[in-house]
Amino acid sequence: QVQLVESGGGLVQAGGSLRLACAASGTIIEINVMGWYRQAPGKQRELVATITRGDSTNYADSVKGRFTISRANTTHAMYLQMNSLKPEDTAVYYCNAGVDSGLSVFRRYWGQGTQVTVSS
């Protein structure tokens with residue numbers, strides 16, 4: 001089995017910064033695409049950013065220029081540096097990863113989420 005655990009969420013004032021981390025553990029041969037998603041109250045879960053094993057990145061338009069996704073392949077970790085935070089960034093942030101546990105098939109896993117609250 002594979003577990004994803006997020007950390008780093010919290011309460012911050014508008015204009016502030018937070019750094020989220022995602023740690024993957026368990027039976028892991030390879031992780032391909034990793035990503036951050038978020039879900040605000042009453043809204044659908046949406047993509048924030050993704051990163052491939054080769055460090056190609058993709059961002060939602062709403063966070064471009066403010067958020068930076070990164071990963072450490074050797075430790076199966078992923079990060080999201082969030083700067084210039086806005087109240088509309090308030091949501092539960094989820095880590096997602098495609099993991100090969102030895103069967104040459106990538107299965108997608110989700111973390112339990114970490115709350116980010118930005119006050120105005």
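## A loop residue and its neighbours

Let's start with Gln112, which lies in the loop between strand 10 (106-110) and strand 11 (114-119). Strands here are DSSP runs of E with at least two residues, numbered from the N terminus. This is a predicted model, in which local features need pLDDT of at least 70 and side-chain atom pairs count only at pLDDT 80 or more, while totals for chains, interfaces and linings use all residues. Residues are numbered from 1 along each chain as its sequence is written, and side-chain values use heavy atoms, with hydrogens and water left out.

Leaving aside residues up to four places away in sequence, Gln112 touches Leu4, Val5, Glu6 and Tyr94. Contact here means heavy atoms within 4.5 Å. Leu4 is 108 residues from Gln112 in sequence, yet their C-alpha atoms are 7.5 Å apart in space.

## A cluster of rings

A pair of aromatic rings is described by the distance of the centres and the angle of the planes. Rings of Phe, Tyr and Trp (its six-membered ring) pair if their centres lie within 6.5 Å; planes under 30 degrees apart count as stacked, over 60 as edge-to-face and the rest as tilted. By this rule there are 2 aromatic pairs. In one, Tyr37 and Trp110 have ring centres 5.0 Å apart and planes at 65°, so the pair is edge-to-face. Tyr37 is in strand 4 (residues 30-39) and Trp110 in strand 10, 73 residues apart.

Trp110 is partly exposed, at 39% relative accessible area. The rings of Tyr94 and Trp110 are also edge-to-face, because their planes stand at 85°, with centres 6.4 Å apart. Tyr94, in contrast, is buried, at 14%. Together, ring pairs link Tyr37, Tyr94 and Trp110 into a cluster.

## A charge over two rings

Which ring has the charged end of Arg45 over it, 3.7 Å from its centre? That ring belongs to Tyr94. Arg45 also lies over the face of Trp110, at 4.6 Å from the ring centre. A charge sits over a ring if NZ of Lys or CZ of Arg is within 6 Å of the ring centre and within 35 degrees of the ring normal.

Terms used:
Helix = DSSP H or I, 4+ residues; strand = E, 2+ residues; numbered from the N terminus. Buried < 20%, exposed > 50% of the residue type's maximum accessible area, 1.4 Å probe, protein only.
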